[in-house]
Amino acid sequence: MSSTGGLTGPIERLVQTHASRMAAVVIAVVIAFLWVPIGVLVFMSFADGGVLSFPPDELTLRWYRVFLSNDAAMDAIVTTLTISVPATAISVLLSTMIAYAVNRYVFPGRNWLQLLATLPIVVPLVVTGVAMVLFFNGTLGLSGYVSVVIAHVVRTIPFATLVILPTLLTFDRGLEEASKDLGADELQTFRQVTLPNIFPGIVAGGLLAFTLSFNEFVYTYFVKGSGDPTLPVYIWNQIRYNVTPEVNVISVVFLLLAVSLVLLAVSLTRVELLARR
Amino acid sequence: MAEQSGASVGPEDDDDATRSGAADTGGGLGAVSAFFRERPRLRTLAVAGPPYGVLILFFAIPLLAMLVVSFQTGEIGGAWTLSNYTDFLGSDTYLTVVWKTLLVSLQVTAIVATIGYALAYSIVRFSRRTTLLLLLVILPFWTSYIIRMYAWINILQSDGVLDSTLNMLGLPAVSLLYSEPAVLIGFTYVWLPLAVLPFYASLTNLDGDLIEASKDLGAGPIRTFTSVTLPMTINGVITGVVLVFIPTFGSFITPRLLGGTNNIMIGMVIENQFKSAFNWPFGAAIGMVISVVVVALLVLGTRLGGGLLATGGEEA
């Protein structure tokens with residue numbers, strides 16, 4: 001607490017003495033900002049009463065029961081899964097091919113491939129969503145389901161690639177050399193040496209792709225046509241037209257799913273990898 | 001799942017490796033392998049081709065198709081026209097929306113950059129539990145965007161969590177929902193984790209000796225920050241800024257759910273053209289205008305040194 005000015009300015013002195021305390025405050029305040037809304041959702045999911053009000057009169061599991069017996073919400077979950085599961089599988093396959101090609105081969109257009117695999121992150125979602133609905137539904141005449149799966153593949157490829165690529169970069173190439181010296185060809189080496197070694201990264205990339213696809217809204221919203229809503233689209237409609245406390249429950253289910261999948265992904269790779277964009 | 005097959009690299013396939021590999025999958029693979037070994041370009045094509053094809057066909061070509069449609073009259077396949085662009089760029093209403101979107105995006109970017117940098121700096125330089133803290137920061141990012149907005153509706157609406165808390169403290173209610181502050185809060189909330197990551201990466205890579213040197217030479221903490229830390233991490237800052245600005249500029253969810261009718265942003269206009277007005281070519285033209293702005297900013301960001309489109313594994 002001593003802030004007697006020396007040769008440096010008083011502000012500099014103040015910052016110097018209290019730097020670590022200021023950092024602790026910043027960390028605490030910002031993390032509270034990030035987590036309080038999530039805590040509110042969880043809390044409100046137990047609130048009684050048909051309208052949203054705070055604080056709730058009493059706590060109840062009623063809206064969980066409503067949610068579980070709500071066919072529309074359950075159908076939305078099934079619809080979401082029938083899109084996310086195949087989209088994730090395709091996305092992981094393509095992302096692994098991108099990572100392998102970019103890392104192991106030199107070919108014309110290699111930088112373009114990397115750029116193409118990064119751009120879907122960068123172009124605003126609404127722009128790509130619009131472009132996709134024009135081309136898939138308008139020009140190609142694809143069905144809503146196929147369009148949505150393709151859209152989810154494009155959406156998740158950049159993230160899966162960014163997780164898988166570093167595991168290829170960091171894995172000891174000597175093992176592959178050894179395998180080839182022992183007479184294995186490239187395909188065998190990939191299956192028996194490379195793949196098992198990068199498998200945690202592939203699973204992590206897949207989990208993140210799935211999380212992203214399960215949560216995906218903008219592309220789905222534009223491309224899906226009038227087909228069955230996915231869960232995010234269902235929630236969007238609920239929020240916009242008739243909010244019930246059930247939305248809080250769905251949110252909590254979503255949160256638990258996302259948090260557990262991401263934690264699983266983190267346990268398979270380094271936390272910084274999820275960070276790469 | 002495949003973990004067990006990886007531990008031992010197969011002492012069983014020594015000499016007749018190719019044969020045994022082919023045999024256990026019913027033949028063919030060894031032959032395929034040999035075929036590709038003699039044709040490396042074909043092999044590269046087999047690996048790089050499919051993802052390349054998918055991204056070109058389903059990402060690049062749709063964007064080009066949007067460009068084409070934006071020059072057509074009221075419907076797809078209509079006559080060629082410039083009217084979508086002239087209507088848009090000649091309308092004060094739309095230009096005001098673009099201007100307002102720009103202002104909101106700049107404010108959001110400034111707020112997120114300031115808070116995000118302070119947070120990343122605090123974690124990197126003053127905390128030992130960096131992994132846990134980083135996880136706490138990025139986990140909310142992986143939850144559904146719409147649900148995160150819905151959480152804020154719970155908080156900001158009149159008689160919501162915020163107002164009730166203020167009441168309990170004897171303060172007047174603020175009823176922030178459907179106001180510009182609500183939009184700024186919502187955007188800050190969704191993008192903060194995204195911006196912290198490049199800030200964090202660049203601060204982690206900063207050589208601590210440089211800071212010591214600066215202090216040894218007599219600079220105070222603020223001087224050290226402005227003349228060493230910030231310039232040395234500017235690439236990460238630019239990356240984070242671009243990552244926040246671009247999605248904000250194109251967003252329609254946050255302004256629709258939190259902003260109400262007084263806070264229209266350009267993404268909402270596009271959504272309207274596709275979902276209510278059904279004037280797809282006009283929506284496509286606005287999409288092109290947004291894309292031009294975004295590409296210009298990306299090029300600027302890359303020129304200034306942002307690592308957003310940096311290839312390979314390195315982050316800024």
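Asn279(B) touches Gly74(B) and Gln273(B), not counting residues up to four places away in sequence, where contact means heavy atoms within 4.5 Å. The model is predicted: local features need pLDDT of at least 70, side-chain atom pairs count only at pLDDT 80 or more, and totals for chains, interfaces and linings use all residues. Residues are numbered from 1 along each chain as its sequence is written, chains are lettered from A and ligands numbered from 1 in the order in which they are written, and side-chain values use heavy atoms, with hydrogens and water left out.

**Two loop residues**

- Asn279(B) sits in the loop between helix 15 (266-275) and helix 16 (280-304) of chain B; helices (H or I, at least four residues) and strands (E, at least two) are DSSP runs, numbered from the N terminus.
- With a relative accessible area of 25%, Asn279(B) is partly exposed; buried means under 20% relative accessible area, exposed over 50%, and partly exposed in between (1.4 Å probe, protein chains only).
- The C-alpha atoms of Asn279(B) and Leu194(B) are separated by 33 Å, and these residues are 85 apart along the chain.
- Thr230(A) is placed in the loop between helix 9 (218-223) and helix 10 (231-241) of chain A.
- Thr230(A) counts as buried, at 2% relative accessibility.
- Neighbours within four places in sequence aside, Thr230(A) is in contact with Ala76(A), Thr79(A), Thr80(A), Ile83(A) and Thr220(A).

**Interface of chains A and B**

- In total, 112 residues of chain B are in contact with 104 residues of chain A.
- The two chains bury about 9500 Å² between them, 78% of it on carbon and sulfur atoms; buried area is the accessible area (1.4 Å probe) that two parts lose on being put together, summed over both.
- Phe59(B), Trp142(B) and Tyr150(B) supply 9% of the area that chain B buries against chain A, more than any other three residues.
- Across the interface, 10 residue pairs are in polar contact (both at pLDDT 80 or more); a polar contact is a pair of N or O atoms within 3.5 Å, where within protein one must be able to donate a hydrogen and the other to accept it, and residues adjacent in sequence count only if both atoms are side-chain atoms.
- Helix 4 (residues 40-69) of chain B contributes 21 residues, the largest share of the side of chain B that touches chain A.
- By class, that side of chain B has 72 nonpolar, 27 polar and 13 charged residues; Ala, Val, Leu, Ile, Met, Phe, Trp, Tyr, Cys and Pro count as nonpolar, Asp, Glu, Lys and Arg as charged, and the others, Gly among them, as polar.
- The count between chain B and chain A is 1 salt bridge, defined as a side-chain nitrogen of Lys or Arg within 4 Å of a carboxyl oxygen of Asp or Glu.
- Glu186(A) and Arg43(B) meet through their side chains in a salt bridge (3.1 Å, N to O).

**Salt bridges within the chains**

- Over all chains, the whole structure holds 6 salt bridges.
- Glu176(A) forms a salt bridge with Arg104(A), with the closest N and O atoms 2.5 Å apart.
- Glu176(A) lies in helix 7 (residues 173-181) and Arg104(A) in helix 3 (residues 71-104) of chain A, so the pair ties together parts that are 72 residues apart in sequence.
- Both Glu176(A) and Arg104(A) are buried, Glu176(A) at 3% relative accessibility.
- Arg173(A) also meets Glu176(A) in a salt bridge (3.5 Å, N to O); Arg173(A) counts as partly exposed at 38% relative accessibility.
- Arg173(A) and Glu176(A) are separated by about one helical turn because they are 3 residues apart in helix 7 of chain A.
- Arg104(A), Arg173(A) and Glu176(A) are linked in a network of salt bridges.
- In chain B, the side chains of Glu180(B) and Lys100(B) meet in a salt bridge (3.6 Å, N to O).
- Glu180(B) lies in helix 10 (residues 180-205) and Lys100(B) in helix 6 (residues 92-126) of chain B, so this pair ties together parts that are 80 residues apart in sequence.
- Glu180(B) is partly exposed, with a relative accessible area of 26%, and Lys100(B) is partly exposed at 27% relative accessibility.

**Annotated regions**

- For "domain: ABC transmembrane type-1", an unreviewed UniProt entry lists residues 98-301 of chain B; UniProt positions are given in the numbering used here, feature names are shortened, and annotations may be inferred rather than shown by experiment.
- The end C-alpha atoms of residues 98-301 of chain B lie 21 Å apart, and the span is 79% helix and 0% strand.
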